[in-house]
Amino acid sequence: MPPRPASDDPRRRIPSTDVLLRDPRLAAAVAELGRELVKAEIQRAQQRARSGDLDPASIVDAVLSGLPAAPVSLTRVLNASGVLLHTNLGRAPLSEAAVRALAEAAGTNDVELDLATGRRGRRGRGALDALRAAVPTAGDVHVVNNGAAALALAVTALGGPGRTVVIARGEMVEIGDGFRLPELLESTGTRLREVGTTNRVNADDYARAVDDTTAFVLKVHPSNFVVSGFTSSVPPADLRDLGVPLVVDIGSGLLTPHPALPEEPDMTTTLAAGADLVTSSGDKLLGGPQAGILAGDAELVHRLRRHPLARALRVDKLTLAALEATLRGPRPPVVVGLEADPVELMTRAERIAGRLREAGVDARAVRSVAAVGGGGAPGVELPSAAVSLPESFADALRAGRPAVLGRVTEGRCLLDLRALPPGDDDELAALVLRVGALA
Ligand SMILES: *Cc1c(COP(=O)(O)O)cnc(C)c1O
């Protein structure tokens, strides 16, 4: 038992949890965030008051400033890493239009109801129509949870025990965090028939491997590495006449060619070149929500959609809403970042660095090099601009709330602006000033 505080000890003035929960300001927080979260924060503040760290009269203020904005532990991170699609930051940030669509769709809506007849409607038809319009060479389209699920559905529905998938040895890729596409394919009982060598494969290799067990030929875009030197691979156009379907996993989800990324395959062109089915992610270069996109021959897509596994890979109304808004709305942040003018990026960096220098921070605007990242356009270097700070800012900014993720190069902390929406510049500067004031 700790000794009882003397009667004039401020610790005797610490209000009880019940009294605090009835405080109007905290009652409002309970209505917004739930009782448990507020109670936990009250107990933390009471503890600080007991140990003399906090004036008991300031407990309510301390609780309010310690509460999160929403009952969720995910912390917002400003992406100043210079990587447009950062896997650890949740890949593509959604456009404002997509965010509004998410909020709008969060309640009940007509996702699967025909309001004209009152009968069941085709689920997600708005998003599917938008996707079909965006990929004119597709006979039909389907959406699942992510790129890996799209491939899993294709191989489950078209392959299976006793069937084989023909794939180039150099395209047996690991997509990250230890997940390997060949293992995913084999987990369905389908056997892989590897052709070619690590660095080279030709159309004859494929033709010789196709037999009456072949479910399809699979091409996988090497989206997170580059092979160079004595290499060759076979374009989809040379695999169209093998008598079996050609499935192409393009990875990043460009729907049409992008001039900044000439090596990156896109859906429309890949289908026109002869692929029967193309799969991709929704949250890479497409800039939308996490999703897997399937597009191609109408009969094949229909088979996949009616397969029992399709129900287990179904996307929710939030994904459908965000995807449709991404497709129909203004350019999403990933595309804005990809298309940013390096001169304008430098102007932004100079503005921010100037403000920071006025406040006494050792900041300067420098040229830098950004990347697409996240399984897209490997090896592509995007000229960019950054605010350069002393190295110690890197850890301090990452510890802040919201956090800022920069990168450390040659003893300096670089805040690269290519992946950061211009609307976040002022907030970035304010967060740096906060860290600078503490240093
Ligand atoms: C990213 C990627 C995948 C996996 O997609 P997810 O949406 O992460 O499941 C599969 N194949 C390729 C080529 C990729 O680039």
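1. Largest pocket. About 1,300 Å³ of space lies in the largest pocket. This is a predicted model. The pocket is lined by 45 residues, and the closest to its centre are Pro-93, Leu-94, Pro-333, Pro-421 and Asp-424. Several elements give two or more residues to this lining: strand 1 (77-79), helix 5, helix 14 (333-338) and helix 15 (342-358). By class, the lining of the largest pocket holds 25 nonpolar, 9 polar and 11 charged residues.

2. Second largest pocket. Its volume is about 880 Å³. Here 38 residues form the lining, and those closest to the centre are His-221, Pro-222, Ser-233, Glu-263 and Pro-265. Strand 9 (214-220), strand 10 and helix 10 are the elements that give two or more residues to the lining of this second largest pocket. The lining of the second largest pocket divides into 21 nonpolar, 11 polar and 6 charged residues.

3. Helix 5. This helix spans residues 96-105, and it gives two or more residues to the lining of the largest pocket. Which of its residues are buried? They are Ala-97, Ala-98, Ala-101 and Ala-105. Seen down the helix axis, these buried residues fall within an arc of 95 degrees, so they line one face of helix 5.

4. His-258. Where does His-258 sit? Its place is in the loop between strand 10 (246-251) and helix 10 (267-272). Is His-258 buried or exposed? His-258 counts as buried, because its relative accessibility is 13% and the cut-off for buried is under 20%. A polar atom of the His-258 side chain lies 3.0 Å from the backbone nitrogen of Ala-260. Beyond its neighbours within four places in sequence, His-258 is in contact with Leu-338 and Glu-339. Of these two partners, Leu-338 belongs to the 333-338 range of helix 14, an element that lines the largest pocket.

5. Ala-298. This residue is in helix 11 (residues 298-306). At 38% relative accessibility, Ala-298 counts as partly exposed. Which residues does Ala-298 touch, not counting residues up to four places away in sequence? The partners are Gly-139 and Asp-140. The C-alpha atoms of Ala-298 and Gly-139 are separated by 4.6 Å, although the two residues are 159 residues apart along the chain.

6. Whole chain. The secondary structure comes to 17 helices and 17 strands. The C-alpha atoms fill a box of roughly 90 × 55 × 50 Å along the principal axes. Of the 439 residues in the chain, 46% are buried. Among contacts between residues at least 6 apart in sequence, 72% join residues at least 24 apart.

Terms used:
Residues are numbered from 1 along each chain as its sequence is written. This is a predicted model: local features need pLDDT of at least 70, side-chain atom pairs count only at pLDDT 80 or more; totals for chains, interfaces and linings use all residues. Side-chain values use heavy atoms; hydrogens and water are left out. Helices (H or I, at least four residues) and strands (E, at least two) are DSSP runs, numbered from the N terminus. Buried means under 20% relative accessible area, exposed over 50%, partly exposed in between (1.4 Å probe, protein chains only). A polar contact is a pair of N or O atoms within 3.5 Å; within protein, one must be able to donate a hydrogen and the other to accept it, and residues adjacent in sequence count only if both atoms are side-chain atoms. Contact means heavy atoms within 4.5 Å. The arc is that of the directions from the helix axis to the C-beta atoms. On a 1 Å grid over the protein atoms alone, a cavity is a set of points where a 1.4 Å probe fits but cannot get out, and a pocket is an open set with protein on both sides within 12 Å along at least five of seven lines; lining residues have an atom within 4 Å of a point. Grid points are joined across faces, edges and corners, and a volume is the space filled by probe spheres set on the points. Ala, Val, Leu, Ile, Met, Phe, Trp, Tyr, Cys and Pro count as nonpolar, Asp, Glu, Lys and Arg as charged, and the others, Gly among them, as polar.
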